[in-house]
Amino acid sequence: MTPQFSPNEPFDRIFLLKGIDERRTKTGKPYLTVMLGTSEGTWDGRVWDMALSSLPGLVEGDPVQVKGTAQLYQENIQLIVETISKVVSPVDPRNIYPSANASERELRRDFNDYVEGIEEPALKSLLAAMVNDPDISGTFFTCPAAITMHHARIGGLAEHSLNVCRLAHAATAAAPWLDRDLLTTGALLHDIGKVLEYEVAGDFRYTLEGKFIGHIIMGHSLVQKWIRQIPDFPERLALEVEHILLAHHGQLEFGSPKTPATAEALVIHFADDLDAKLDMVKTAGEAPGTEEAFVRGLRRSFLFRESNRDTETRAPSFAETTDGRHGDTGKEQVAEEPPDGERERERKLRKADAGTRGHGDTGEESTGTRGPGGTVKSGGQEELF
């Protein structure tokens with residue numbers, strides 16, 4: 001991540017207000033601490049000589065226009081705010097939240113290319129039903145794939161699903177007997193329930209339904225609804241698609257109602273798992289100069305070469321792949337607890353990692369606070385896929 005602000009640099013731009021709190025100086029004067037989000041990260045700010053009562057109606061989750069100057073404080077950039085006000089006009093979420101490298105148009109294009117490549121009429125009709133569902137289709141291309149762990153960005157769900165499709169198709173090079181159409185359908189729909197599990201409301205949050213039910217069951221219900229709308233959908237094929245959704249976490253203890261019982265379900269599980277973990281590693285190493293970083297979801301540190309950090313991270317488009325096709329997962333396999341002598345080193349790596357990722361992830365478990373509208377933030381139990 002390229003530093004967005006330099007010391008003594010003036011700024012006047014739109015931020016996401018991620019936190020605001022009133023405090024007092026040693027002499028009793030009020031001032032505000034603010035957390036200001038951009039597509040590149042989250043920034044600590046100060047509004048001197050101001051009480052919270054001076055900003056009525058300004059709450060966490062608001063887009064705000066902020067003018068001020070960046071300063072260097074204890075080796076970190078701090079934003080000194082001169083003016084701050086709520087933005088009432090519509091704001092492109094990609095300007096204030098972390099976002100996928102590919103645009104929504106590019107994600108839709110690649111998704112549609114995969115659907116067009118399906119030869120089985122029933123499966124193509126199923127994907128068409130998803131695209132034509134106005135309550136689902138639009139959200140699918142803007143929803144994150146997770147709160148913090150992987151693809152936690154606008155468009156992350158579509159980005160992750162397309163990557164799973166790429167990886168699943170790659171498996172057919174070694175096992176050409178796999179059903180490619182079923183792999184495509186399973187990859188694109190395996191996490192579809194996340195459009196109901198997550199919402200973008202001041203931050204990436206779980207919905208109440210997401211907390212109580214979860215994306216596997218909600219996704220299964222959506223797919224069943226679409227299948228019922230398609231005349232003469234083959235019963236066995238419907239069961240195989242539904243099984244992929246129900247088994248994609250791989251193991252019962254990781255939230256899967258079923259473990260993979262078909263080759264295609266097994267491939268989607270491992271493709272999902274691999275893409276999620278690779279994104280965790282890639283994100284941890286994105287900051288310039290990162291040679292080593294602790295990946296919280298994998299409970300260990302990773303080493304990075306300069307070439308890793310400089311390589312373009314956008315996945316190739318449909319047209320750029322060699323075969324015209326594209327490519328979450330089982331829960332994290334728990335690593336062994338590090339020896340006592342390594343714990344202090346890991347603590348330092350965690351601290352450095354949290355300060356450079358810029359994706360709203362502090363590197364620590366959240367406390368389960370309640371957000372605007374009664375929705376619930378992650379409570380330290382976020383899935384790793």
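Student: Are D279 and R153 buried or exposed?
Tutor: In this predicted model, the side chains of D279 and R153 meet in a salt bridge, at 2.5 Å from N to O. The pair links distant parts of the chain, with D279 in helix α10 and R153 in the loop between α3 and α4. As for their cover, D279 and R153 are both buried.

Student: Which residues are linked with R153 and D279 in a network of salt bridges?
Tutor: A search of the whole structure finds 16 salt bridges. Some of these residues are joined in a network, and R153 and D279 belong to it.

Student: R109 and D110 meet in a salt bridge; which of them counts as buried?
Tutor: Their side chains are 3.0 Å apart, N to O. The cut-off for buried is under 20% relative accessible area. R109 has 32% relative accessibility and therefore counts as partly exposed. At 5%, the residue that counts as buried is D110.

Student: What is the N to O distance in the salt bridge of D191 and K194?
Tutor: Both D191 and K194 are buried. Their side chains meet in a salt bridge, and the N to O distance is 3.3 Å.

Student: Which helices are included in what covers the buried residues of α9?
Tutor: Among the buried residues of α9 are A238, I244 and L245. The cover over the buried residues comes from elements elsewhere in the chain, including α2 (121-131), α5 (180-189), α8 (215-228) and α10 (263-284).

Student: How far apart in space are G255 and I216, C-alpha to C-alpha?
Tutor: G255 lies in the loop between α9 and α10, and its relative accessible area of 43% makes it partly exposed. Leaving aside residues up to four places away in sequence, G255 touches I216 and H249. G255 and I216 are 39 residues apart in sequence, and their C-alpha separation is 8.3 Å.

Student: What percentage of the chain's residues count as buried?
Tutor: The chain has twelve helices and nine strands. It exposes about 18,400 Å², of which carbon and sulfur atoms supply 52%. Of its 385 residues, the share that counts as buried is 51%.

Conventions. Residues numbered from 1 in each chain as written. Predicted model: local features only at pLDDT ≥ 70, side-chain atom pairs only at ≥ 80, totals over all residues. Heavy atoms only, no water. Buried < 20%, exposed > 50% of the residue type's maximum accessible area, 1.4 Å probe, protein only. Helix = DSSP H or I, 4+ residues; strand = E, 2+ residues; numbered from the N terminus. Contact = heavy atoms within 4.5 Å. Areas by Shrake-Rupley, 256 points an atom, 1.4 Å probe, with all protein chains shown as cover. Salt bridge = Lys/Arg side-chain N within 4 Å of Asp/Glu carboxyl O.
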